[in-house]
Amino acid sequence: MALFSAFQTTFLLALLSLKTYQSEVLSEPLSLAPESLEVSIDSARQCLHLQWSVHNLAYHQELKMVFQIEISRIKTSNVIWVENYSTTVKRNQVLRWNWESKLPLECAKHSVRMRGAVDDAQVPELRFWSNWTSWEEVDVQSSLGHDPLFVFPKDKLVEEGSNVTICYVSRSHQNNISCYLEGVRMHGEQLDPNVCVFHLKNVPFIRETGTNIYCKADQGDVIKGIVLFVSKVFEEPKDFSCETRDLKTLNCTWAPGSDAGLLTQLSQSYTLFESFSGKKTLCKHKSWCNWQVSPDSQEMYNFTLTAENYLRKRSVHLLFNLTHRVHPMAPFNVFVKNVSATNATMTWKVHSIGNYSTLLCQIELYGEGKVIQKQNVSVKVNGKHLMKKLEPSTEYAAQVRCANAHHFWKWSEWTRRNFTTAEAAPSEAPDVWRNVKSVQGHCVVTLFWKPLSKLQANGKILFYNVVLENLDRPSTLKLLSIPAPANGTELTLDRCSYQIHVTANNSVGTSPASVIAVSGDPGNKEVEEERVKGTEDGFCLSWKPQPGDVTGYVVEWCERPGDPLCDLQWKNLGPNTTSTVVSSDAFRPGVRYNFRIYGISTERIPYLLEKKTGYSQELVPSDNPQVLMSNLTSYSFTLSWKDYAAESQPGFVRGYSLYLKSKAARCLPGSEKAVLSDDSICCKYKIDNPKQKTFVVENLQPASFYEFFLTPYTSVGEGPQGAFTKVTTPDEYSHILIRIILPMIFSILLIMILCYLKSQWMKEKCYPDIPDPYKSSVLSLIKSKENPRLTIMNVKDCIPDAIEVINKQEGTRKSLTETEPTKPTYLYLLPTEKSHSGPGPCICFENFTYNQAASDSVSCGHVPVTPKAQPSQLGLLTSSENVPKALGKNYVNSLGEIPAGETNLNYVSQLASPMCGDKSSLPTNPPEPALCSEYKTQMAIPMGLASPPSITLLDEGEHDH
Amino acid sequence: MRAQLMRRTLLSLVLGLLFLSTPAMGSCLDNYQELLGQLQKQADFMQHTSMLLDPYISIQGLDKDGLKEHCQERPGVFPSKDVLQRLSRQEFLQILNTTLGHVLHRLRTLQKDILKAQDLEKLNIAKLNIRGFKNNIHCMAQLLPGSLEKTEPTPTGPGASPSPTPISDAFQRRLEGCRFLHGYHRFMHSVGQVFREWGQSLSRSRRHSPRRGLRKGKHRTHLSSRNKRLMPRGWLPR
């Protein structure tokens, strides 16, 4: 029983002590629960900010605690997030915790609660949760206002490729809401009747001003939207590097990543952190930053460059030894001293990069833009370098740069200086050549020399000295000084035996002399000219080696052959050379170049060896010859073109082509068919001998038409197409016509003319005309008398030459015998010159019927005219028309009185006397016939009618019968 | 290439307009007809949406079906054409000057959302254009009797207009900007028409009063308010 009592007492004490302990310890966890929980929102970041505290901690007591936080959406039972947050808690410390919601907080009501537990190793027995706090509700929707529609999140900034959740909140249940992303409708998930959520995955970058997402109600003009600012992925800096130039400042550089591509200020910041020193600096520039080197001789540096923007943070690291990143400054105080013709000294200084550091300096010498010398020199502070083997009077550029000799990092920049070496005497003799002419007994020597090259001149050539040494009188010297830049001179020498020394001189000295001799013997023996073919590379000339001592050869030519100045060129060649290629940019196609090859004797006398001529490129002939045609026969003709200058053509004329066109289908022997450029076909004669300047075209057809055209040809082709010359061969017999028939015709004609001229004379002499009475016209009158009616003699049958007007008294009728001789009055009707006024040379054969009485009374058979004729009537008779008519009437009256059968005809051949009035001389002395003698038809008149005819002049009315 | 050419054309045109608007250089044209012609041309030029609205819509991505329909002028922001036509000339110029001042201020706000250089160039050209136009309004007001003190030339520097009510929502801001610009171009179209009516009334009065000629100089004559509304000072008889 005592044992039981003792056990019971012990148990109670233990229980009590346990309870006491329990009451002491367990009362603490109960007071460590989170308190004063407050929840706030950050809409822009879609964050819930929680803050709370733990009140019942002992003073200075620190305990590790874990807080379990629950977040529910829409309703508290819908817990969407549970997280344990561990931290060290102090007494009355405000604890904070953030939670970023995927869903915009405006889209739904959120509730938060939490509980805590001690998570400290010191009191492991107290690791149990406190009670939950009450739910803290976050309802943003209630504070949105009264707009009918909202879209969230506003102006959210995300990175390309992110996932974004969007929602709209509608105040109206009636309208259907449609949402669009850049005009493309989105389909979402209805969170509650008024809220719809859209999940956008992997959002793209569309434009710098952001992506438009908007929602519209089906009815009304309600539109709400957001701009989702999508940035490009923020890239990390590239090529991060640091270096120092003076061991005092480090310059760090990098290449920032590509732009975020947003117009909104998505600012980027760059921070440089050095881990050994723990220093940090915010860089002011986007791509570089300076860092002050610590004075405590810190050698190693470990940099972290952090680039950061609103969305992302990027870092790169760099660890290096400071002395390994020395980029020296450019050398300074650089001079080029002691510049002679061949040497110069360069000196410089470098910036020190430490007490014992050595720099490696590099010197480069530039001549004519190229590096000709390169040298490395170790330098502490002062550098010096001797540049040798320089050319006199030459511009050079020397430059120097340096780098850390022990740990090369980078060269410094170059420091450059230009200098020119001093002049020296010309090193080479000028290249001299001559041209010798003999003018009026004098020897005119034209000297040419080529300017010395820069390397040979060693400075500026000031003048050339020409020393003439007369070989006949060696002691006689003559000096000429030709100022530069002359390249020749002309000398007139009394004799041609001279040795000429030419030297070039600059400010320092004289060049070696170039010697050339001029001989009295021109040596221009006739040398056959050979043709040489040029190529694009020039003319390849070769010559026979000369026996004996030859010190060299010279090839001479003119670059402008047509020019009087000719631009003489020459080329010196060694004694063992027997060929060379002459090339020049001045050579032109189609120009004939003549080359002369001289050998130089030991006395320096040139003598002509060979002549060459050729074209660098032959062309077709530029013009055609003027062709003359001669010896044209029925079967051939000869062509000649002797004036044609074949040498002036742009190529060697190899011959001529003669084109002959004819109607013949076949070509003549010696020719062949050819097609011209105008596709016409003709025959072609080929004349292969270029010296032939005549050609006989044979075997032609007489009286045929031919056309010919002659053109020269070179190795390239024929000359230009020209006009054809037309020729027609003569007929085969035409020469006979010309030589025989024509003279015959001429002779016959001559004879005929002579015969004609003599025929009258022969007629008179040999067989004069006997008048045939039966052919007289009077017969017709007589015959008409047989008609009982009056016969009218047609006056037309008579051609009177004069009318004799006789005054006769009316009523008195006298016989012919009784008729006193009266002086008749004549009207001259025919224009017989000189016969009117007096006796003329004419011999008249009148055809009056012979009547002795009448013949006695009327001189020379003039028709007696009745004196009845009135002056007025006479006036009418002056008209040649009226005269025959008037006479006709008169004859009618007269003949009417002649009885038929009484006609007795006497025929007398009358010959008019030269003296018409001299009747006595008629029978006895017949006159010589005159050239102008006239024979007129005689009319036989009956004797009864021999009385003076009574001629009645009719008036005009009667005349018309 | 085409955009560059267009920019150059616009720039040259604006510079030309600015050059014409001599008040910017301290002096005004005293030729009423010439000044009126300039104002008409400037208003016609400024009404083109290619000056501001079209680029803005393109930059802000508002050129999407279902969205651009909402880029319509909000009533009340700019005076309607009827209102403008009912105003006296002095009142019209006053309203025009004030409205354009607000436009300038608003453009400065819109500028914050347009940071791309080539787009900013267009905006700056438009601002220069408005300043030149305002100066010409001032000159016109000087030619009209009794309105000299009401319109002042536009300072070349940034104005001190009150800030508009800030809209935190970027989408709503750009939509409002689009609507504003739409209204601005419509407003300038109405302004051009009003100026054209001024010119037509000038022709009518010329026809009815052949003795009245354009007289240069600043001759002031007291007229009834009715006549003041009709006649510019340059046309008043001696």
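Val550(A) is buried, with a relative accessible area of 12%; buried means under 20%, exposed over 50% and partly exposed in between, with a 1.4 Å probe and protein chains only. This is a predicted model in which local features need pLDDT of at least 70 and side-chain atom pairs count only at pLDDT 80 or more, while totals for chains, interfaces and linings use all residues. Residues are numbered from 1 along each chain as its sequence is written, chains are lettered from A in the order in which they are written, and side-chain values use heavy atoms, with hydrogens and water left out.

**Surroundings of Val550(A)**
- Val550(A) lies in strand β40 (residues 550-558) of chain A; strands are DSSP runs (E, at least two residues), numbered from the N terminus.
- Leaving aside neighbours within four places in sequence, Val550(A) is in contact with Pro575(A), Gly599(A), Ile600(A) and Tyr607(A) (contact: heavy atoms within 4.5 Å).
- From Val550(A) to Pro606(A) the C-alpha distance is 9.6 Å, at a sequence separation of 56 residues.

**Interface of chains A and B**
- In chain A, 21 residues are in contact with 20 residues of chain B.
- The two chains, A and B, bury about 1,500 Å² between them, 53% of it on carbon and sulfur atoms; buried area is the accessible area (1.4 Å probe) that two parts lose on being put together, summed over both.
- There are 2 salt bridges between chain A and chain B (a side-chain nitrogen of Lys or Arg within 4 Å of a carboxyl oxygen of Asp or Glu).
- One salt bridge joins the side chains of Lys154(A) and Asp169(B), at 2.8 Å from N to O.
- On the side of chain A that touches chain B, β15 (211-217) and β16 (223-231) each supply at least two residues.
- β16(A) gives the most to that side, with 6 residues.

Methods
Helix = DSSP H or I, 4+ residues; strand = E, 2+ residues; numbered from the N terminus.
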